[in-house]
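Student: I'd like to learn how to read a protein model feature by feature. Could you walk me through one?

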Amino acid sequence: MRNIDVFKKHLRERRAVKIIAGIDNYDVESVKNVVRAAQLGLASAVDVAADEEVIKTARQNTKLPIFASSVEPFKLAKAVQWGADAIEIGNFDALYKQGFEFNADDVYEIALEALTLTPNGVFTCVTIPGEIKVEEQIELARKLELLGIDLIQTEGSKVGAIEKAKTAKEYLNLAKVTITNTMEIARHVGIPIMTASGVNADTAPLAFAAGASAVGVGSFVNKQETQIGMVNAVRKVTGSIAYRDSFRQDIYETNQHLLMK
């Protein structure tokens, strides 16, 4: 089974977890720590910058499928040659801090060009800007589905707010927008959705309840000061999803027991 097939399996089972190193993270030591934590924490995939050295570092330190992120179609095409298993148009959070803005047309044009440049069959994920109107997000999602995109990622956090979040309430407030966007888009498209921005162990189960098939987790892991802390953060996320599945199985078995009486 290819690396990306494992991620697809987790998508179908609605339990995929992608750990994000950062679209602007070219620090190979930092990338190494993030992807190792993802591997040890039982994540489904890692997401790194579309850079040859970064992708090489990720490949040397994990067997998980590697997403390469960029907003430059040529870089995404090169990332596949460098060994990426999937391409990601986004994540935009880091770019917002640099003053970049993206509207629906921008994202669609990038996606269209990226698909033209990359080989057929390359798994492709597109982030829908969380700042545009919900109606525009839905329209863009529909157009991307018709284009043949494999996965949509939602966002919604305010620039810089994720890094400052510490309490469960602060994370919940951050995640509310992206979870709401997930819920709205899920009603209108048939392709899987990944919820990102402000997602942690507390909010990940809420994202799946809203219709997500995956979550993208970045800052919750990256801001940990030690490798052990990173691994524990990843395991908290994957564990919260496993607990959700266990809880659902308990309910199913209880109901079956009651029906047999």
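Tutor: Gladly! Keep in mind that this is a predicted model.

Student: Is Gln153 buried or exposed?

Tutor: Gln153 counts as buried, with a relative accessibility of 1%; the cut-off for that label is under 20%.

Student: Which side chain makes a polar contact with that of Gln153?

Tutor: The side chain of Thr127 does, at 3.3 Å. Setting aside neighbours within four places in sequence, Gln153 is in contact with Lys18, Glu88, Asn91, Cys125, Val126, Thr127, Ile128, Met194 and Ala196.

Student: How far apart are Thr195 and Gly156, in sequence and in space?

Tutor: They are 39 residues apart in sequence, and their C-alpha atoms are 9.3 Å apart.

Student: What about the chain as a whole?

Tutor: The chain has 12 helices and eight strands. Of its 261 residues, 51% count as buried. Among contacts with a separation of 6 or more, 67% are between residues 24 or more positions apart. The chain exposes about 12600 Å², and carbon and sulfur atoms supply 53% of that area.

Student: How should I think about nonpolar cores?

Tutor: The general idea is that nonpolar side chains tend to be buried together in soluble globular proteins. Here, the largest nonpolar core holds 39 residues, and Ile19, Val48, Val215, Val217 and Val237 touch the most other members. Helix H12 (residues 227-260) gives the largest share of this core, six residues. Another core lies apart from it, with 29 residues, among them Val107, Ile110, Ile138 and Leu140.

Student: Which residues is Val215 in contact with, leaving aside its neighbours within four places in sequence?

Tutor: Val215 is in contact with Ala16, Val17, Lys18, Met194, Thr195, Val199, Ala204, Ala207, Phe208, Val237 and Ile241.

Student: Next, how do I read a helix?

Tutor: Start with the turn: an α-helix has 3.6 residues a turn, so residues three or four places apart point the same way. Now take helix H4 (residues 73-82), whose buried residues are Pro73, Leu76, Ala77 and Ala79. Viewed down the axis of H4, these buried residues fall within an arc of 150 degrees, so they line one face of the helix. Phe74 and Gln81, on the other side of H4, are exposed.

Student: What covers the buried residues of H4?

Tutor: The cover includes helix H3 (52-61), strand E3 (66-70), strand E4 (86-89) and helix H6 (104-117). Following H4 comes Gly83, which has a positive phi, near 120 degrees.

Student: And charged pairs?

Tutor: As a general idea, side chains of opposite charge can pair when their charged atoms come close. Searching the whole structure finds eight salt bridges. In one of them, Lys32 pairs with Glu29, with 3.6 Å between the closest N and O atoms. Both residues lie in helix H2 (residues 28-40), three residues apart, about one turn of the helix. Lys32 is partly exposed, with a relative accessible area of 22%, and Glu29 is partly exposed at 43%.

Student: Which residue forms a salt bridge with Arg59?

Tutor: Asp85 does, with the closest N and O atoms 2.8 Å apart. Arg59 is in helix H3 and Asp85 in the loop between H4 and E4, so the pair ties together parts that are 26 residues apart in sequence. Arg59 is partly exposed, with a relative accessible area of 31%, and so is Asp85, at 22%.

How values were computed: Residues numbered from 1 in each chain as written. Predicted model: local features only at pLDDT ≥ 70, side-chain atom pairs only at ≥ 80, totals over all residues. Heavy atoms only, no water. Core = buried A, V, L, I, M, F, W, Y, C linked by side-chain atoms within 4.5 Å. Buried < 20%, exposed > 50% of the residue type's maximum accessible area, 1.4 Å probe, protein only. Helix = DSSP H or I, 4+ residues; strand = E, 2+ residues; numbered from the N terminus. Contact = heavy atoms within 4.5 Å. Arc of directions from axis to C-beta. Salt bridge = Lys/Arg side-chain N within 4 Å of Asp/Glu carboxyl O. Polar contact = N/O pair within 3.5 Å; in protein donor to acceptor, adjacent residues only side chain to side chain. Areas by Shrake-Rupley, 256 points an atom, 1.4 Å probe, with all protein chains shown as cover.
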